[in-house]
Amino acid sequence: MTSKKKKIILAIAIPAAVILVIGIFCLAGVYRYVSNVPKITPKNQVFEIRKESTITPEDLADIECNGGYKSYFVIVDPGSGSFDLSDDKASLFVGDEEETVHVQICAVGDHSEGRSSDVIEIKVVE
């Protein structure tokens, strides 16, 4: 090989290697971020809960996350309103009225964005 061909090959190979290494680091970061987003799988779409009970999001859904997360309820349709959310929305107290409440479960990873479940129906029964 001539000296000119070696210079051309080096001029192409070095930037290509640098771009490849940067790409690998970026893809690893994206994978690590995405794997930390919580995955919420409701155990059922309709639940029957006894009057005057307290439930948590983990009672209604399986939540998987690499790392820590915080879960909470979002009330979609409050019904007559005989229930009470805790201050951090991590538990729901069901009152003494028979009614139907529609909620979503949300979870936010410690190092990622959040995700919410489909709407879950809670029927308050005797």
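Colleague: Is cysteine 106 buried or exposed?

Modeller: Cysteine 106 counts as buried, because its relative accessibility is 9% and the cut-off for buried is under 20%. Keep in mind that this is a predicted model.

Colleague: Where do glutamate 126 and lysine 51 lie?

Modeller: Glutamate 126 is in the segment after S10, while lysine 51 is in the loop between S2 and strand S3 (54–55). They are 75 residues apart in sequence, so the pair ties together those separate parts. Glutamate 126 counts as exposed at 62% relative accessibility, and lysine 51 is partly exposed at 25%.

Colleague: And the other salt bridge, which residues form it?

Modeller: Glutamate 121 and lysine 123 do, with their closest N and O atoms 3.8 Å apart. Lysine 123 is partly exposed, with a relative accessible area of 33%.

Colleague: Now the inside. How many residues are in the largest nonpolar core?

Modeller: It has 18 residues. Those with the most contacts inside it include Leu92, Phe73 and Ile122. Strands S2 (46–50), S4 (61–64), S7 (92–94), S8 (100–109) and S10 (120–125) each give two or more residues to this core. S8 gives the most, with four.

Colleague: What does leucine 92 touch?

Modeller: Leaving out residues up to four places away in sequence, leucine 92 touches, among others, Ile55, Phe73, Phe83, Val103 and Ile122.

Colleague: Let's zoom out. What's the overall secondary structure?

Modeller: Two helices and ten strands. From the N terminus on, the order is α-β-β-β-α-β-β-β-β-β-β-β.

Colleague: Why do you call the protein more spread out than a compact globule?

Modeller: Because its radius of gyration is 25 Å, well over the 14 Å that the globule rule gives for 126 residues. The C-alpha atoms fill a box of roughly 90 × 25 × 20 Å along the principal axes.

Colleague: And what share of the residues is buried?

Modeller: Buried residues make up 28% of the 126.

Technical notes: Residues are numbered from 1 along each chain as its sequence is written. This is a predicted model: local features need pLDDT of at least 70, side-chain atom pairs count only at pLDDT 80 or more; totals for chains, interfaces and linings use all residues. Side-chain values use heavy atoms; hydrogens and water are left out. A nonpolar core is a set of buried Ala, Val, Leu, Ile, Met, Phe, Trp, Tyr and Cys residues joined through side-chain atoms within 4.5 Å. Buried means under 20% relative accessible area, exposed over 50%, partly exposed in between (1.4 Å probe, protein chains only). Contact means heavy atoms within 4.5 Å. A salt bridge is a side-chain nitrogen of Lys or Arg within 4 Å of a carboxyl oxygen of Asp or Glu. The radius of gyration is taken over C-alpha atoms; the globule rule is 2.2 Å times the number of residues to the power 0.38.
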